[in-house]
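Trainee: Could you walk me through how to read a model like this one?
Mentor: Gladly; let us look at it together.

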Amino acid sequence: MSTTRNRHGSATVTLPSDREILITRQFDAPAALVFKAWTTPELVKRWWGFDSSQWLVCEIDLRVGGGWRYVTREEGGFEVGFHGEFRVIDAPHRIVSTEVYEGFPEPDAGALNTIVFDEQAGVTTMTVNVLHTKKEHRDAHIESGMEGGMQISMNRLEDIVVDLSDAA
Amino acid sequence: MPRAPTTTDAFNAVAEASRRDLLDAIGAEEVTVNELVDRLGLSQPTVSKHLGVLRAVDLVLVRTAGRNRWYRVNGPALKPIHDWVRSFERTWNLKLDRLDDLLVELKSQEEIQ
């Protein structure tokens with residue numbers, strides 16, 4: 001697409017505690033637009049999932065106690081489903097909702113997602129905090145590949161890898 | 001979900017935060033168990049247990065010299081994890097780059113209106 005615009009870098013992923021995953025990214029857009037892109041099915045379909053995802057279900061009942069559900073068919077033909085329920089809606093600043101990965105066999109394995117849109121001078125910092133009920137579920141979430149780049153204290157490990165490959 | 005044993009592969013071995021701390025504590029050096037006990041403030045049996053798991057998946061190598069056993073990180077064994085992390089980071093970034101593109105489009109539409 002356009003090459004002239006101002007991208008605000010890439011997402012960072014950290015693990016603030018044993019049960020959490022935190023994804024942070026800035027966007028060159030007001031919070032109201034980012035909120036809209038998260039909560040409007042026609043817009044969600046355009047960015048959530050993968051380029052190759054085929055949408056089967058994208059439902060959002062945007063009210064406290066309302067549900068949402070996303071189901072896509074991925075390359076290879078398998079279906080991936082997520083659903084949850086809204087707990088807090090504070091447009092355009094904050095959304096708190098549950099999230100259940102339908103492929104996970106344990107019924108109590110849902111996470112609580114807190115999505116915050118903090119706008120400063122036209123740039124919105126989005127944070128997605130995923131809080132699991134158990135460390136085991138958080139780890140399974142990361143291991144399943146849902147997580148976007150676990151920067152444990154990988155920076156140091158990265159240095160070691162680089163040092164050693166230089167030395168090799 | 002039943003979890004794979006920690007010694008299945010490097011990924012399962014570092015799923016436990018204390019073993020990541022242990023790898024960090026070893027760093028690019030060659031160290032003894034006692035040095036790791038000092039650095040981490042953990043008991044010797046705990047450190048030895050974690051070292052055992054890391055050795056089982058070849059993330060840590062050991063050399064015996066005199067009465068001491070020296071441990072070091074096996075860099076090439078970490079490479080798959082490093083690549084794995086990068087690939088997931090790319091996945092998340094692809095998704096959020098699409099969101100970024102969408103926001104640019106929405107913004108220009110609003111400016112026109």
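Trainee: In the hairpin of β3(A) and β4(A), which residue takes a positive phi?
Mentor: Before that, some ground rules. This is a predicted model, in which local features need pLDDT of at least 70, side-chain atom pairs count only at pLDDT 80 or more, and totals for chains, interfaces and linings use all residues. Residues are numbered from 1 along each chain as its sequence is written, while chains are lettered from A and ligands numbered from 1 in the order in which they are written. Helices (H or I, at least four residues) and strands (E, at least two) are DSSP runs, numbered from the N terminus. Now your hairpin: G65(A) has the positive phi, near 90 degrees, and six residues lie between the strands.

Trainee: How many bridges join β3 and β4 of chain A?
Mentor: Two strands pair if DSSP finds at least two bridges between them. Here β3 (residues 54-60) and β4 (residues 67-73) of chain A run antiparallel and are joined by six bridges. As one case, E59(A) has R69(A) in β4(A) as its bridge partner.

Trainee: What pattern does chain A follow along the sequence?
Mentor: Its order is β-β-α-α-β-β-β-β-β-β-α-α, giving four helices and eight strands.

Trainee: Which residues touch the most other members of the largest nonpolar core?
Mentor: A nonpolar core is a set of buried Ala, Val, Leu, Ile, Met, Phe, Trp, Tyr and Cys residues joined through C-beta atoms within 7 Å. Buried calls for 20 or more other C-beta atoms within 10 Å of a residue's own, exposed for 12 or fewer, and partly exposed falls in between, with C-beta atoms placed from the backbone. In the largest core, of 24 residues, the answer is V34(A), A37(A), W38(A), M126(A) and L103(B). Elements supplying at least two residues each include β7 (111-120) of chain A and α5 (75-112) of chain B. The largest share, six residues, is from α1(A).

Trainee: What is A37(A) in contact with, beyond four places in sequence?
Mentor: Contact requires C-beta atoms, placed from the backbone, within 7 Å. A37(A) meets L43(A) and W47(A), and from chain B L99(B), L102(B), L103(B) and L106(B).

Trainee: Why does A77(B) count as partly exposed?
Mentor: Because A77(B) has 19 C-beta neighbours inside 10 Å. A77(B) sits in helix α5 of chain B and, leaving out residues up to four places away in sequence, touches A10(B), D58(B) and L59(B). The C-alpha atoms of A77(B) and V60(B) are 8.6 Å apart, with 17 residues separating the two along the chain.

Methods: Contact = placed C-beta atoms within 7 Å.
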